[in-house]
Amino acid sequence: METYKGKVLDKFQKESLKYIQEGASVLVSAPTGSGKTLLAEYAIETALQKRKGIIYTAPIKALSNQKYRDFCLLYPDKTGIVTGDVSINSAAPITIMTTEIFRNIIVENPRRVADKEWVIFDEIHYLDDIERGTVWEEALIFLPPHLKILALSATVSNLPEIAAWLRKIHPHPLKVVKETKRPVPLRFYFQFNNKIFLNWKQLRHHHNLYLKKKNRTVYNYKPYSPNRLSTLFKYLYERDKLPCIYFSFSRRKCEIFAEELYNYDFLNAQEKKYATDYYNRLLKIFGLEGNPTAEYLKSLIERGIAFHHAGLLPSTKEILERLFTLKLIKAMFTTETFALGINMPARTVIFDSLQKYYGHWWRSLKTRDFYQMAGRAGRRGIDKEGYVFLKINPSLKINEVERIIHSAPEKIKSQFKNNYATILNLYSYWQEEIYSIYPLSFHAWQAKEKDRKEALRMLKEKVSLLKHFGYINQDNQLSTKGKLAAKLYNFELIIGEVYSKGLLESLSPLQLCIFAAALAYEPRRGEKKPALSPKTNEIRKTLASYLKTIHKEEKYRRIYPLSKRPYFHLSESIQKWFEGTDFIQLSKHTTIDEGTLVRYLRMSIQILREIKEFLFFRDDFYPKVEMALKRINRDLVNAEEELKHNLS
């Protein structure tokens with residue numbers, strides 16, 4: 001096969017399609033923007049021809065939503081989506097899911113995917129994610145044997161190791177396809193001391209000269225000149241290197257930088273009119289007229305400028321992405337999530353910094369993360385080259401910059417850690433044979449002997465703790481609270497204790513909403529504790545006493561990390577929203593970004609839905625959960641309604 005859907009295939013695409021056609025599972029590693037999505041489309045059509053279905057998993061809800069929109073255009077009556085926020089046409093042959101939802105389904109009820117032939121893992125290098133990597137690993141370990149895998153990854157260096165592990169646990173033949181060549185090559189430029197340098201030689205020479213002058217007492221020494229946006233964008237504009245994506249690892253800086261460019265105007269008269277009219281029309285469709293952020297963005301958009309980050313409302317981000325796709329935004333200031341899977345290439349990518357926050361500390365970018373973002377430079381079929389500009393701070397060593405760019409991509413390392421819900425679901429089927437599952441993990445395949453022993457010890461201690469607290473009874477069966485805890489990933493023990501002690505069913509609809517939000521919320525560093533109403537404070541104290549007992553037992557058994565604490569920082573906002581306050585007024589009751597507030601409201605809705613699915617509550621409890629959901633799942637918080645707007 002030389003072409004597919006009118007597109008001339010690259011070598012790695014032809015090889016991958018051949019293996020899919022033969023019915024083998026395929027692990028594909030290729031640079032960002034090289035055309036991996038085409039492989040997924042071919043697998044989908046192969047399955048549909050056999051009257052079979054596929055599961056398409058994505059790492060984040062935004063990417064799941066985008067894939068749902070894309071596939072609805074290609075296969076309008078055959079596409080569904082299931083995430084924590086949305087369930088539309090869930091029995092469709094093509095079902096888009098977050099990886100968490102897929103993992104939950106195959107652990108709890110694998111019969112739900114009996115009619116599927118393929119599972120597509122987009123961004124499978126997420127195995128390496130500290131917080132969520134274990135989800136990918138569990139999904140692969142517990143994959144039903146009839147499912148074939150199409151795993152799509154950015155470039156990784158230990159592909160053979162991952163393939164060897166998969167061949168051990170996966171019954172189908174597995175083929176590996178690796179592509180290192182980009183379809184659009186990258187050219188690197190550097191801004192240092194407010195000057196633009198065209199290559200490494202120029203940068204190194206001027207950086208060394210600067211350091212010599214700085215370290216010597218000489219009369220002609222000039223202080224370092226900050227790298228100005230105006231210098232950089234004047235250079236880009238005059239040399240026709242727009243549109244660009246400017247990556248910053250600070251939401252606030254994205255907004256500040258966009259505002260700094262306010263005096264620039266990158267659109268001609270025709271583009272300006274179209275951008276303004278289209279933006280206003282979308283604001284009306286999405287119900288964002290009068291939203292302060294949306295109105296503020298209007299003055300930037302008519303100049304071809306915008307900012308995009310997780311603190312914006314999902315609808316606002318969707319509108320900005322549409323404008324960018326139409327080439328009406330020439331300078332997009334954004335955080336790294338814009339690089340993840342979303343097909344938004346530009347001519348140029350700029351890095352404001354080469355350091356970001358990884359979990360608990362700031363450190364230099366991983367090479368893999370760098371190229372995930374840099375790979376957005378260069379539009380296939382449009383640009384001969386992609387341009388990557390790096391702003392160099394004098395405190396950053398040149399050798400470190402060179403390491404980031406020229407090193408091999410980091411190995412994927414297992415982040416495997418069974419949570420209590422997974423253990424409960426597996427124990428209900430395997431019972432004491434559960435310990436035979438750990439050797440199937442990538443962690444067991446990759447780790448040293450002492451780490452394997454520690455992981456197995458932790459698993460045994462978690463099972464022992466679940467028995468100690470009565471989640472597993474003396475007959476090695478799940479108790480009622482064990483069955484509830486098995487549904488609530490990440491909040492298992494606190495929800496089990498709240499239920500078993502009778503508190504959960506005594507909560508009012510409002511208190512249920514506040515409780516769900518407290519489970520979900522993660523305060524920022526230094527965030528002040530809010531004043532709580534007497535009733536909410538009483539619930540907080542009760543939960544704290546339950547958690548103290550849980551943590552004491554976890555510490556005794558050396559189980560880490562400890563079970564998550566509930567945080568009641570959103571209680572006032574939740575109450576106002578529950579009582580009918582409109583969203584513009586609601587944002588005045590919290591210091592967090594409006595997009596973050598919507599995200600936590602949606603997470604609360606997901607928790608309430610999972611509680612509602614449990615069949616062992618008193619009959620009078622379910623109407624309270626229904627009321628809670630009805631009051632908070634409304635307007636722009638309602639993800640399903642938003643997604644339907646997105647399809648218009």
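I started with Gln-446: leaving aside neighbours within four places in sequence, Gln-446 is in contact (heavy atoms within 4.5 Å) with Asn-158, Glu-161, Ile-412, Lys-413 and Ser-414. I note that this is a predicted model, where local features need pLDDT of at least 70, side-chain atom pairs count only at pLDDT 80 or more, and totals for chains, interfaces and linings use all residues. Residues are numbered from 1 along each chain as its sequence is written, and side-chain values use heavy atoms, with hydrogens and water left out.

I placed Gln-446 in helix H16, residues 442–446 (helices are DSSP runs of H or I, at least four residues, numbered from the N terminus). Gln-446 is partly exposed because its relative accessible area is 24% (buried is under 20%, exposed over 50%, partly exposed in between; 1.4 Å probe, protein chains only). I checked Ile-196 too: 250 residues from Gln-446 in sequence, 44 Å in space, C-alpha to C-alpha.

Next I asked: is Leu-597 buried or exposed? Leu-597 has 1% relative accessibility, so it counts as buried. Leu-597 lies in helix H25, residues 594–612. Not counting residues up to four places away in sequence, I found that Leu-597 touches Leu-570, Ser-573, Phe-583, Leu-586, Thr-590 and Ile-592. Leu-597 and Leu-570 are 27 residues apart in sequence and 8.5 Å apart in space, C-alpha to C-alpha.

Last, I looked up Lys-529. Lys-529 sits in the loop between helix H21 (509–520) and helix H22 (534–556). Lys-529 counts as exposed because its relative accessibility is 76%.

Definitions and conventions:
Helices (H or I, at least four residues) and strands (E, at least two) are DSSP runs, numbered from the N terminus.
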